[in-house]
Amino acid sequence: MRPTALTVEYQRNPLGLAELHPRFSWRFDEVRYGARQTAYQIIVASHPDRLQCDEGDLWDSGRVESDDQVFIAYGGTPLRSRKVCWWKVRVLDERGEESLWSESAHFSIGLLAEQDWSAMWISSSENHGYPLFRRQFSLAHTPARAILYVTALGVYQARINGEAVSEDVLAPGWTDYTKRIPYQTYDVTDLVHEGSNVIGIMAAPGWYAGRVGMLGSRMYGERISVIAQLEIELADGRMLRITTDEDWETHRGPIVAADILDGETYDARLEVLAWDEPGIEPEGKTKSEGKTKSEGKTKSEGKTKSEGKTKSEGKTKSEGKTETEGKTETEGKTESGSEGESENADGSPCRDEAKVKNGYEAQRESESWPQVGSWAPVTVTDPEAPGRLVAQQGPPVRTTMHVRPVAMREIDSGVAVIDMGQNMVGRVRLRVEGPRGCAIRLRYAETVYPDGRIYTDNLRGAKQTDTYILRGTGKEMYAPYFTYHGFRYVEISGYPGVLNLDAIDGEVIHSAMDETGFLSTSHSGVNQLISNIQWGQRGNFVNVPTDCPQRDERLGWMGDAHIFCRTACFNMDVALFFHKWLTDVRDAQLDNGAFTDVAPDPGFIEWLKIHNANLRGYGTAGWGDAGVIVPWTLYQMYGDRRLLEIQYPAMFRWVMFLRGEAHDYVQSGAFGYGDWLSIDADTPLQVLATAYFAHSVYLTMHTATVLGKSEDASELKELFQHIRGAFQSAFVAENGVIFGETQTAYVLALYMDLLEPDQQFKAIQHLVADIERRGDRLSTGFLGVRYLLPVLSQNGQLAVAYRLLCQTRFPSWLYPVLQGATTIWERWDGWTEHKGFQNPGMNSFNHYSLGSVGEWLFDTVAGIVPDPEQSGFRRIHIRPQPGNGIEWVNAEYRSIRGIIKCSWKLHGDSLRLRVEIPANTMGLVHVPRIHGHDGTDSLSSTVQVVQGAGWTRKVGELQNADLFEVPSGSFEFVRKR
């Protein structure tokens, strides 16, 4: 029972943590009956040699009698900025046997104080719109360790000696730069060497100075600036620092234009020879080897002659630059980093790239390469956004897979449209050979008209266009650096020679999160729906949870995020992603306690004052409530109490704001969006707002209880009861009809516990009647859709829920599937057979909100549910509820404590259920009763335990299931009528 998968603050071997009391977690791969941890010992050392000798000079927890395996806080010698720590753990099992020590892991602390930074912000002195920055320096010896701290007001890529320092894309991401500017920490020891070195940074406006949604550009500032601090530890312990200062140089780069929404224009004729490599001498400079700053010294330890060669002769790590001799690093490895070809979205291997030289290497050998122009001195500047430099909190955006195109159609002479076969988010890599100055234009769209032309009306003001201008020196390859697109189709014009499918492939980018949920069923349409949900998450989790990835919006809408959060937790490890975003949410919270509608908020409230006086951009029912619902959902799925501690003050301020807005505990719902994009069913705003008011109070009350805030909990409990009573008095008739009589009104009242038992019975009958009156079809919009199927299945209407799931007529989840959708649409009627395309002003074909049905697929159809009393899957409920339309299900969820598996199959009048429970957890298995073909119930049927019988204990019976308590291990249950 050896601990594995060691993490610190959710991360494997993280660098640059901002936490002085980081928390340790581990899992167990062993699946053994009754495997249980009874004690642990963690040691943390200042050097790997000490760890190897089992010496925890920083912290030795000693043997701690506990089954805790997640979020165990460091308790040793106080940590400080830059501290590097190595750690390992061993455990004692239920038999009293001590495990082997785990493999070693490590982490480091970032720069925590302002005085830790000696670097200065720099910008281009020549008004270069998309500048290159560089600094040359020399080392007398190979360094023992080199760490780079770097960020930008804008987006950037840092390079050392010709190689990108990481695979990150669009760093540092999007925050409110007036409050927080995240920096990244990279270990660049392998890139820095004895002799001459160069550090370079290329940058673009990004969210900071570029367009942000429909709000405009320069929402935070105008001037792109960068800051970097390279700290080099020598073998003798001395520290050298290379920092951004007046000694850096700047030059115009080959990027002519770059914008998140509009795309990128790259003129390869403007590439600067080996700008990020040693061995060149810019005009007007002597052959200076550069300067370094040493601890306690004014000069570096000496100079060495330049070797006259680069370190990147073989390959680059860059995602965006042109290819060197051989393959880029991502080309030659799988997602897991093992050698071999990477995979496409369909699982097939990517083809080998042609061995072509990039512009810098090819042009170095060409007489046609222009002479290096003058490098200008940089300007040391004060940043326009006064935010604090903080360690990166969320996962970086990276390329996670490649997609190969499936078809091509010529539209006009010299214009062709390529179908990627999947609505995706990212960019394409273009391969081309042609004359110098030839301009190739790539336009992106989600769908096409019947004649094959791309449909771009729904992009509104976003251009989604890339342009590549050839340098004309042989084979070239290009992928944009500083933009991304939402698309399935690519229109290519101006391509020289014969265009074929081998000319491009797609790079899928999103915040790099491990996939955790895997679900397949016997229903092909439902399987495509599951795929669509997952692709929608990939496409919209790009640093913040955006509403869409293609049009001129891409804002962090709060309503979308809370509706989808639980589904997102099943699909991927989103803990760090939402931790970061909740910081954005708190940053945007107003002084009166109101949460904003979007986070980060770059000026949406002010924009609404001009464009829509009926909305105010804050305090909106179903949107602001995300500040309460998302952290509570994360606590249920991961068990992270510290997150609740951080978020609780903001949660409490929110519900106090709502209390101040209410009249006799009823909310008016003014300025609300309602049940956004519902179908012929407008739920009254005051019903929605009061229901969400109650729900936020209810969840904040439970949060207060978890945190031991008993006085707050009592106050909030009383407030909830007042709201509940007011809701009933204001909106619920004696016959159970709820004001508005919409599906959403009923499901919110039922899900949020706003009704008395007799009212609940009547309400579910009215809900079912409305569904049946519509021909077994839904009418819910964004706010109601998440709760519809859970409410039905929890109130004895499982058959109705399955009919809605498997419905193929409009509106339904499977109607878009039958139309060829490969992502979740924004609206049920994004395209219909009788109407065609909806209003292009609001018609995204990649939204995730309506995909919130994913949580029901996992916890009801598959049956994997965290125990509500023991968060984070310490205790696991296996509770599948089979229904008509699906004959078998295979599911796996990689929880924070280990892998949970559940599969079931119906065959005739029998049910076979297989379950796997990870070590150090317990399970409560609900073996469902089944119905015979004649419709009779099988209440008297018995359950046979065919695997793990000696480890199961029957603990009760429910109306629809028998309950068995099980420890860790593999189990199989068979029920026959």
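**Close-up views of a predicted model**

View 1. Asp93 counts as buried, because its relative accessibility is 3% and the cut-off for burial is under 20%. The structure shown is a predicted model, and every value in these legends is computed from it. Asp93 forms a salt bridge with Arg95, in which the closest N and O atoms are 3.3 Å apart. Both residues belong to a network of salt bridges that links Glu30, Arg32, Asp93, Glu94, Arg95 and Glu97. By the rule applied here, the count of salt bridges comes to 73.

**View 2. The salt bridge between Arg551 and Glu553.** The side chains of Arg551 and Glu553 meet in a salt bridge with an N to O distance of 2.8 Å. Arg551 is buried, since its relative accessible area is 1%, and Glu553 likewise counts as buried, at 5% relative accessibility.

View 3. A salt bridge joins the side chains of Arg566 and Asp859, at 3.5 Å from N to O. The pair connects distant parts of the chain, with Arg566 in helix α5 (residues 558-571) and Asp859 in helix α17, 293 residues apart. Arg566 is buried, with a relative accessible area of 9%, and Asp859 is buried as well, with a relative accessible area of 10%. Side chains of opposite charge can pair when their charged atoms come close.

View 4. Six strands form an open sheet in the order β35-β42-β43-β44-β49-β46, and their pairing is antiparallel. Its edge strands, each of which pairs on one side only, are β35 (517-521) and β46 (942-947). From one strand to the next, the twist averages 10°. Within the sheet, strand β42 (residues 888-895) pairs with strand β43 (residues 898-907) in the antiparallel sense over 8 bridges, and Arg894 has Ile899 in β43 as its bridge partner. Helix α17 (residues 854-862) lies across β35, β42 and β43, and runs at about 65° to β35.

**View 5. Helix α6 and its span.**

View 6. The peptide bond joining Ala599 and Pro600 is cis, with an omega of about -5°, and Pro600 lies in the loop between α6 and α7 (604-611). The peptide bond from Phe810 to Pro811 is also cis, with omega near -5°, and here Pro811 lies in the loop between α15 (798-806) and α16 (814-818). Most peptide bonds are trans.

**View 7. Two loop residues with positive phi.** Gln464, a residue other than glycine, has a positive phi near 45°, and its place is the loop between β30 (454-455) and β31 (465-469). Gln464 counts as buried because its relative accessibility is 0%. Asn920, again a residue other than glycine, has a positive phi near 70°, and is found in the loop between β44 (910-917) and β45 (922-928). Asn920 counts as buried because its relative accessibility is 7%.

Key:
Residues numbered from 1 in each chain as written. Predicted model: local features only at pLDDT ≥ 70, side-chain atom pairs only at ≥ 80, totals over all residues. Heavy atoms only, no water. Pairing = 2+ DSSP bridges. Helix = DSSP H or I, 4+ residues; strand = E, 2+ residues; numbered from the N terminus. Axes fitted to C-alpha atoms, helices over the stretch in contact; angles between N-to-C directions. Contact = heavy atoms within 4.5 Å. Buried < 20%, exposed > 50% of the residue type's maximum accessible area, 1.4 Å probe, protein only. Salt bridge = Lys/Arg side-chain N within 4 Å of Asp/Glu carboxyl O.
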